[in-house]
Amino acid sequence: QVQLVESGGGLVQAGGSLRLSCEVSGIIFSLATMGWYRQAPGNQRELVASILSGGGRTNYAASVKGRFTISRDDAKKMVYLQMNGLKPEDTAVYYCNVKWGSTWRDVWGQGTQVTVSL
């Protein structure tokens, strides 16, 4: 059973920073690609960042590239999203997820709310 627990969201002014955390259990974490998704009201869930097993390769949506950094700690089975230079359009519920094989798993935690005000 894959379990994902996100934390670290909050309310921040535009230009501010937050670091999101995701605690992962139920998988061999070191073998899994991890990612962060977000879903804004009225929008579909979108993948904003991913990091391969081993932590050597990362990928970002164009909208967050240069501002967000994904990282992982295999010893702690944690994945993080450092968000800098936050914009109001970053407001969303953020979720972490696991890619096993070629497919992102349809398993979701409760998410963590990020709200960016002007």
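Asp90 is buried, with a relative accessible area of 0%; buried means under 20% relative accessible area, exposed over 50%, and partly exposed in between, with a 1.4 Å probe and protein chains only. The model is predicted: local features need pLDDT of at least 70 and side-chain atom pairs count only at pLDDT 80 or more, while totals for chains, interfaces and linings use all residues. Residues are numbered from 1 along each chain as its sequence is written, and side-chain values use heavy atoms, with hydrogens and water left out.

**Salt bridges around Asp90**

Asp90 lies in the loop between strand 8 and strand 9; strands are DSSP runs (E, at least two residues) numbered from the N terminus. A search of the whole structure gives four salt bridges, each being a side-chain nitrogen of Lys or Arg within 4 Å of a carboxyl oxygen of Asp or Glu.

Arg38 counts as buried at 6% relative accessibility, whereas Glu46 is partly exposed at 34%. Asp90 and Arg67 are both buried.

Leaving out residues up to four places away in sequence, Asp90 touches Arg38, Val64, Arg67, Phe68, Gly85, Val114 and Val116, where contact means heavy atoms within 4.5 Å.

In soluble globular proteins, nonpolar side chains tend to be buried together. The largest nonpolar core in this model has 30 residues, and those with the most contacts inside it are Met34, Trp36, Ile70, Val79, Leu81, Met83 and Tyr94. Such a core is a set of buried Ala, Val, Leu, Ile, Met, Phe, Trp, Tyr and Cys residues joined through side-chain atoms within 4.5 Å. The strands that each supply at least two residues of this core include strand 7 (68-73), strand 8 (78-83) and strand 9 (92-100).

Ile70 is in contact with residues including Met34, Trp36, Ser50, Val79 and Leu81, with neighbours within four places in sequence set aside. Ser50 belongs to strand 5 (residues 46-51) and is buried at 9% relative accessible area. Under the same exclusion of neighbours within four places, Ser50 is in contact with Met34, Gly35, Arg57, Thr58, Asn59, Ile70 and Trp104.

Thr69 is in strand 7 and is partly exposed at 42%. Thr69 and Ile51 are 18 residues apart in sequence and 9.7 Å apart in space, C-alpha to C-alpha.

**Loop residue Lys77**

Lys77 is in the loop between strand 7 and strand 8. Although not a glycine, Lys77 has a positive phi of about 55°. Its relative accessible area of 39% makes Lys77 partly exposed.

How values were computed: Helices (H or I, at least four residues) and strands (E, at least two) are DSSP runs, numbered from the N terminus.
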